[in-house]
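Here is a short tour of one protein model. It covers cores, domains and charged pairs.

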Amino acid sequence: MRLAKYLAHAGVASRRAAEAIIADGRVRIGGDVVTDPARDVDGTVPVSVDGNAVAIGDDKTVWIVHKPRGVVSTAKDTHDRPTVVDMVDAPGTRLYPVGRLDADTTGLILLTDDGDLANRLTHPRYEVPKVYVASVGRGGIAVPDQALRRLREGVQLDDGRTAPAGVRQLKPGVLEITLREGRKRQIKRMCTEVGHPVHRLQRVAFGPLRLGDLREGKVRRLTPAEVQRLRDAAAPPDRASG
Ligand code: URA
């Protein structure tokens, strides 16, 4: 397909406007600037505009949600509690949460109608990092180094030993923990196991995405560039668009 047509199909701009964007040198194919609107694009080489990846035929959506306490992250709750899916107004789109957060955990959860992407983002094989901030103990008492080391190296839980984790004490009693696996209530069980039960837990990042300044209770649809970064985070190395 001609490059200008490809950009128009991908929703970048009208065909005419796409030709102008190409002429301005803003489009790269496989990393090289291309100024010929008739250049053939077959979908095997990444196309970007102003450095943002462009994909065609991708009508799937991904939303980032800042989940408040008390909202459940299943698609439907048996006790009629509000769900993260209820928080997004996307008529005609069947969205599913990517993984789970406990009802009393706040923070970043993704919703998508792309089942394949959701599976890959949560599959242990891709080891997509998830970053949490956990407040443990009360009164700002620091967690001793020995407990931090155990959390980092792996803790024996009833479903097996946890994989190595990134752990930093942001301030006394507040830990930033990065997991590359996702078992049920994992952070809470790990912290309890080392003698420092969690009383507040927030997820602040998932793969390349951070909660940033998205306020609690708010949602936003990811941009195509953000979706591409997510896809790259859960792609075999030779398929990442870099
Ligand atoms: N670990 C937990 O214990 N709870 C969550 O909600 C997420 C990770």
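The largest nonpolar core has 30 residues, and I177 and I187 have the most contacts inside it. A nonpolar core here is a set of buried Ala, Val, Leu, Ile, Met, Phe, Trp, Tyr and Cys residues joined through side-chain atoms within 4.5 Å. Buried means under 20% relative accessible area, exposed over 50%, and partly exposed in between (1.4 Å probe, protein chains only). Two or more residues come from each of β5 (62–67), β7 (106–112), β8 (130–136), α4 (145–153), β12 (174–179), α5 (186–193) and β13 (198–206). Helices (H or I, at least four residues) and strands (E, at least two) are DSSP runs, numbered from the N terminus. Domain 2 (62–125 + 208–233) and domain 3 (129–206) each give this core at least three residues.

This is a predicted model: local features need pLDDT of at least 70, side-chain atom pairs count only at pLDDT 80 or more, and totals for chains, interfaces and linings use all residues. Residues are numbered from 1 along each chain as its sequence is written, and side-chain values use heavy atoms, with hydrogens and water left out.

Leaving aside neighbours within four places in sequence, I187 is in contact (heavy atoms within 4.5 Å) with Y132, A134, I177, L179, V198 and L201. Another core lies apart, with 18 residues, including I64, L117, L209 and L214.

The domain assignment also gives domain 1 (3–56). Such bounds come from an automatic or database assignment. The C-alpha centres of domain 2 and domain 3 lie 22 Å apart. Their contact takes 20 residues from domain 2 and 11 residues from domain 3.

Now the charged pairs. A salt bridge is a side-chain nitrogen of Lys or Arg within 4 Å of a carboxyl oxygen of Asp or Glu. The count comes to 12 salt bridges, among them these:

| Pair | Closest N and O atoms |
|---|---|
| K188 and D104 | 2.7 Å |
| D116 and R120 | 3.3 Å |
| R189 and D158 | 3.1 Å |

K188 is buried at 11% relative accessible area, while D104 is partly exposed at 37%. D116 and R120 both lie in helix α3 (residues 115–122), four residues apart. R189 is buried at 18%, whereas D158 is exposed at 75%. Salt bridges that share partners join D158, D159, E181, R183 and R189 into one network.

The side chain of K130 reaches the backbone oxygen of V128 at 3.2 Å.

Definitions and conventions:
Polar contact = N/O pair within 3.5 Å; in protein donor to acceptor, adjacent residues only side chain to side chain.
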